[in-house]
Amino acid sequence: EAYLIIGNVFLPFFIICWLIVMTNFLYKTKQKMIIILWIIWTIIFEIIFFTLLRIDPTLVGTYLESPFHVEFSDFITFTLLLNIVIVLISGLLFARESLKSEDKEIQLKGKFLIIAFLSFTIGAILDSSISLDPITVVITRLILISSAIEFYIGFTLPKWIKNFFIR
């Protein structure tokens with residue numbers, strides 16, 4: 001139960017934080033509506049999640065081969081995929097704005113962010129919706145690790161990366 005809680009309960013709150021930041025940059029006039037809608041969804045999710053967990057934890061997910069490999073219920077799978085779609089769409093919109101900049105450095109950051117959001121999406125979908133064997137676990141985790149590196153580059157753009165790509 002602790003694994004299911006830690007892995008799922010906080011995700012909607014992280015999405016709220018991301019949406020606040022993203023809408024501060026791009027959709028300030030629609031920010032309040034976007035955040036309120038997501039907060040409503042978060043409250044509904046949390047109520048359903050904890051109700052299902054209390055009734056029967058297998059309604060949220062069941063362990064397969066190991067305690068770190070869970071087969072999620074349809075409700076959790078749907079929620080995880082919804083989170084992934086929200087992050088992908090908002091992230092690509094955010095990165096697209098970077099590509100419109102005249103500044104080559106900002107454009108480069110945008111390219112890395114597009115790659116990061118796409119690889120994160122692929123890794124997260126693999127991680128949340130398919131049964132993983134030892135080989136696919138490694139591949140999935142490598143994709144997620146690469147997305148973390150791409151996010152780092154896209155948000156911070158280390159000098160050596162900038163010098164390598166911008167001449």
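**Charge, fold and pocket**

Biologist: How far apart do the centres of the positive and negative side chains lie?

Modeller: Lys and Arg are counted as positive and Asp and Glu as negative, leaving out His and the chain ends. Each charge is placed at NZ of Lys, CZ of Arg, CG of Asp or CD of Glu. The protein chain carries 13 positive and 13 negative side chains, and the distance between the centres of the two sets is 17 Å.

Biologist: Which pLDDT do local features need in this predicted model?

Modeller: Residues are numbered from 1 along each chain as its sequence is written, and side-chain values use heavy atoms, without hydrogens and water. As this is a predicted model, side-chain atom pairs count only at pLDDT 80 or more, totals for chains, interfaces and linings use all residues, and local features need a pLDDT of at least 70.

Biologist: In what order do the elements of the protein chain run from the N terminus?

Modeller: Helices (H or I, at least four residues) and strands (E, at least two) are DSSP runs, numbered from the N terminus. The protein chain has seven helices and two strands, and its C-alpha trace spans about 60 × 45 × 20 Å along the principal axes. From the N terminus on, the order is α-α-α-β-β-α-α-α-α.

Biologist: What percentage of the contacts with a separation of 6 or more comes from residues 24 or more positions apart?

Modeller: A contact requires heavy atoms within 4.5 Å. Among contacts in the protein chain with a separation of 6 or more, residues 24 or more positions apart account for 66%.

Biologist: Which helix gives the most to the lining of the largest pocket?

Modeller: A pocket is an open set of points on a 1 Å grid over the protein atoms alone, where a 1.4 Å probe fits, with protein on both sides within 12 Å along at least five of seven lines; lining residues have an atom within 4 Å of a point. The largest pocket is lined by 32 residues, of which L11, L80, F120, A124 and D127 lie nearest its centre. Elements giving two or more residues to this lining include helix 1 (2-8), strand 2 (70-72) and helix 4 (74-99). With six residues, the element that gives the most is helix 5.

Biologist: Why does T79 count as buried?

Modeller: T79 sits in helix 4 and, beyond its neighbours within four places in sequence, is in contact with W41 and F45. Buried means under 20% relative accessible area (1.4 Å probe, protein chains only). T79 counts as buried because its relative accessibility is 2%.

Biologist: Which residues does T77 touch, not counting those up to four places away in sequence?

Modeller: T77 also belongs to helix 4 and is buried, at a relative accessible area of 17%. With residues up to four places away set aside, T77 touches F72, S128 and S129.

Biologist: What is the phi of L157?

Modeller: L157 lies in the loop between helix 6 and helix 7 (159-165) and is buried, with a relative accessible area of 5%. Most residues other than glycine have a negative phi. L157 is not a glycine, yet its phi is positive, at about 45°.

Key. Buried < 20%, exposed > 50% of the residue type's maximum accessible area, 1.4 Å probe, protein only.
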